[in-house]
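These are my notebook entries on one structure. I record what I looked up, in the order in which I looked.

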Amino acid sequence: MAEQPDRLLRTEQKASPGQTVLSTMTGSAADLYIFHDGDVPANYTPVSPSDRNLAAFKNFYPGNNATAFPRPGSAAVRNSDYNKAIKSACKRYTVDPALVRAVIMAESNFNPGAISPKGAMGLMQLMPDTARQMGVSNPFNPVENIHGGVGYLSRLLKSLNGDLSLALAAYNAGPERVKNYNGIPPFQETWSYIKRVLDYYQFFKGVK
């Protein structure tokens, strides 16, 4: 893989053979379960109301706006190992395959053995409870993980009336946070995550 998103920097940590611990996966849903004062996640910068309003009306997202895209010939673009599973899951749950590739890119950089510090697993970084809810017995099996993640994303889209930004916020921060804030939670990392996925979404739409 060429350029790596900065959220996927790795350190040497013990893991099972074939698995990689993503020690700085700050955009994963797992990291949003560490909170200070009951609301704001640890090490997350709240987004001011003015910035949120600006974001809503001008497509502006606070934080680092740079998105690292894969090279045209890279495995992430070819998706040869996962195309069949992605297409099957997307047909089953009526989700755009380009969107699924964008989420996988943002969550795990197409590493099926990825583990976040808080236990999110596999290509679509499923937390254990989410994996169980979606009937995924082995989150490190790419086919199971993709079907579980796409099913979960589809469920979020349906529950949020097809609002993609809200669904991505719920995938990142949890649906309860979206419900409690009646919109995208005021966490800079969540806004940055949404932008990153949407950037990748546009990128993968153009990949044939």
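This is a predicted model: local features need pLDDT of at least 70, side-chain atom pairs count only at pLDDT 80 or more; totals for chains, interfaces and linings use all residues.

Entry 1. Leaving aside its neighbours within four places in sequence, which residues is H147 in contact with? I found A85, S88, A89, R92 and Y93 as the contacts of H147, its neighbours within four places in sequence being left out. I located H147 itself in helix α6, which covers residues 142-159.

Entry 2. I turned to the packing of two helices. Two packed helices are described by the angle between their axes and the distance between the axes. For helix α3 (residues 83-93) and α6, I noted an angle of about 30 degrees and axes 9 Å apart. Angles under 35 degrees count as roughly parallel, and α3 and α6 are therefore roughly parallel to each other. I recorded their crossing as right-handed. On the α3 side, the contact is made by A85, I86, S88, A89, C90, R92 and Y93. On the α6 side, V143, I146, H147, V150, G151 and S154 make the contact. Sorted by class, the contact of α3 with α6 has eight nonpolar, four polar and one charged residues.

Entry 3. Finally, I looked up P142, which is also found in helix α6. P142 counts as partly exposed, because its relative accessibility is 25%. Apart from neighbours within four places in sequence, P142 is in contact with Y82, P112 and L123. I also noted that P142 and F110 are 32 residues apart along the chain, with their C-alpha atoms separated by 9.7 Å.

Key:
Residues are numbered from 1 along each chain as its sequence is written. Side-chain values use heavy atoms; hydrogens and water are left out. Helices (H or I, at least four residues) and strands (E, at least two) are DSSP runs, numbered from the N terminus. Contact means heavy atoms within 4.5 Å. Buried means under 20% relative accessible area, exposed over 50%, partly exposed in between (1.4 Å probe, protein chains only). Axes are lines fitted to C-alpha atoms, for helices over the stretch in contact, and angles run from 0 to 180 degrees between N-to-C directions. Angles under 35 degrees count as roughly parallel, over 145 as roughly antiparallel, 65 to 115 as roughly perpendicular and the rest as oblique. A crossing is left-handed if the near helix is turned anticlockwise from the far one by less than a right angle, and right-handed if clockwise. Ala, Val, Leu, Ile, Met, Phe, Trp, Tyr, Cys and Pro count as nonpolar, Asp, Glu, Lys and Arg as charged, and the others, Gly among them, as polar.
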